[in-house]
Amino acid sequence: MSVAAILSHADGSDEAIDIATWQPRPIRPEELLWIDATAPSADDVAAIARALGLGDELGRRLDDETTRPSLTVHSGAVEVVVRAPGESLEDRPRGLRILVGEEWIVTAHAEPLPFLDERRERIQDQREVGRLTPVQFLVTLLTWHVDAYLQAAEQLENDVDRLDDAALRTEDDLLQRLVDMRRRIARVRRMLVPHREVVAELALPVVFGDLEPAEREALGAMVARVERAVDAVLNAREMLIGTFDIHMTRTAQRTNDIVRVLTWASVVLLPASVLAGVMGMNFHVGFFDDPTMFWVVLGAMILIAVVTLALARWRRWL
């Protein structure tokens with residue numbers, strides 16, 4: 001689809017390069033070449049391989065569609081594969097393949113990656129990217145990648161906060177929304193966790209050999225950043241559990257309110273039922289012959305009900 005190449009110099013200047021027409025030359029230590037290929041065609045892969053002097057095996061890796069996070073050491077380059085979240089958390093993850101060589105780095109992906117496009121435009125100012133080693137720039141790329149997960153975790157937390165409000169309002173479809181949210185969090189976590197092993201392996205001497213102190217420190221910070229991202233996703237999960245507890249508490253409270261109303265309805269009606277039962281017994285008493293006794297009994301029923309309700313309100317049972 002497209003290939004963007006930037007040759008960064010130590011003085012902060014950047015030079016856009018057309019890989020198809022660029023005449024290969026040795027890249028100086030104070031320079032760093034970054035080639036970003038989006039859905040590269042066979043001609044694009046051939047041009048990149050020619051510009052960097054890649055062998056057939058490394059050239060074929062650029063259009064490999066495998067997205068499982070992995071780390072592979074090749075002759076002349078180190079290959080890192082990571083998965084990035086899409087524009088929406090519901091989108092399928094997008095693979096990013098990174099080849100790290102001497103004074104150059106190549107990123108290849110089948111679909112556009114917003115976080116990568118945004119950062120590429122941002123670094124084309126006076127930042128001294130050319131002073132970075134390929135390992136340091138790899139750490140920069142992985143930092144952008146992990147930042148995308150941190151943003152996803154922040155979005156998850158915001159969604160959980162909205163569910164908290166819904167739980168307090170006891171919305172009818174809340175339980176299904178909680179289940180859907182749990183699946184989203186689990187999906188993001190499954191996408192992120194495999195990168196732990198990849199980033200930790202990058203710091204091993206068998207990958208890049210002897211590292212400079214700054215490079216070793218940067219890789220160590222990268223491991224901590226991945227752990228921070230995992231913790232952020234787990235925190236969203238803990239928040240969701242708290243939302244579920246709120247939902248269950250509100251449900252129990254609503255049930256208790258209903259039971260309390262039914263209980264007081266029984267308490268109010270019980271004396272009237274007892275009086276009606278007594279007065280309806282099949283025996284003859286003199287005052288049954290007096291029609292006004294009907295109104296007396298009815299008034300007694302109403303009076304007892306009013307007194308019961310007044311007592312309940314006074315004791316704050318209602």
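Helices (H or I, at least four residues) and strands (E, at least two) are taken here as DSSP runs, numbered from the N terminus. The model is predicted, so to speak of local features a pLDDT of at least 70 is needed, side-chain atom pairs count only at pLDDT 80 or more, and totals for chains, interfaces and linings use all residues. Residues are numbered from 1 along each chain as its sequence is written, and side-chain values use heavy atoms, with hydrogens and water left out.

The C-alpha atom of Asp 210 is separated by 49 Å from that of Arg 162, and the two residues are 48 apart along the chain. Helix H8 itself holds Val 274, which counts as partly exposed because its relative accessibility is 46%. Between Val 274 and Asn 256 the C-alpha distance is 27 Å, for a sequence separation of 18 residues.

Helix packing comes next. Two packed helices are described by the angle between their axes and the distance between the axes. H6 and H8 pack with axes 9 Å apart and at an angle of about 170°; axes are lines fitted to C-alpha atoms, for helices over the stretch in contact, and angles run from 0 to 180 degrees between N-to-C directions. H6 and H8 are therefore roughly antiparallel (angles over 145 degrees; under 35 is roughly parallel, 65 to 115 roughly perpendicular and the rest oblique). On the H6 side, His 195, Arg 196, Val 199, Ala 200 and Leu 202 meet Leu 219, Met 222, Val 223, Val 226, Glu 227 and Val 230 of H8. This contact of H6 with H8 comprises 8 nonpolar, 1 polar and 2 charged residues, where Ala, Val, Leu, Ile, Met, Phe, Trp, Tyr, Cys and Pro count as nonpolar, Asp, Glu, Lys and Arg as charged, and the others, Gly among them, as polar.

In helix H6 (residues 195-202), the buried residues are His 195, Val 198, Val 199 and Leu 202. Their arc around the axis is only 90°, which puts them on the same side of H6; the arc is that of the directions from the helix axis to the C-beta atoms. Among the elements that cover these buried residues are strands E4 (70-74) and E5 (77-84), together with H4, H5, H7 and H8, contact meaning heavy atoms within 4.5 Å.

The pairing of H3 (residues 114-122) with H4 (residues 134-169) has another geometry: the axes come within 10 Å and cross at roughly 130°. H3 and H4 are therefore oblique to each other. Phe 115, Leu 116 and Arg 119 of H3 make the contact with Leu 141, Trp 144, His 145, Asp 147 and Ala 148 of H4. By class, 5 nonpolar, 1 polar and 2 charged residues take part in the contact of H3 with H4.

Buried positions in H3 are Phe 115, Leu 116, Arg 119 and Arg 120. They lie on the same side of H3, because they cover an arc of only 130° around the axis. The packing partners of these buried H3 residues are E1, E3, E5, E6, E7 and H4.

Two backbone details complete the picture. Ala 39, in the loop between E3 and H1, has a positive phi of about 45° although it is not a glycine. Glu 103, in the loop between E6 and E7, has a positive phi near 65° and is likewise a residue other than glycine.

Definitions and conventions
Buried < 20%, exposed > 50% of the residue type's maximum accessible area, 1.4 Å probe, protein only.
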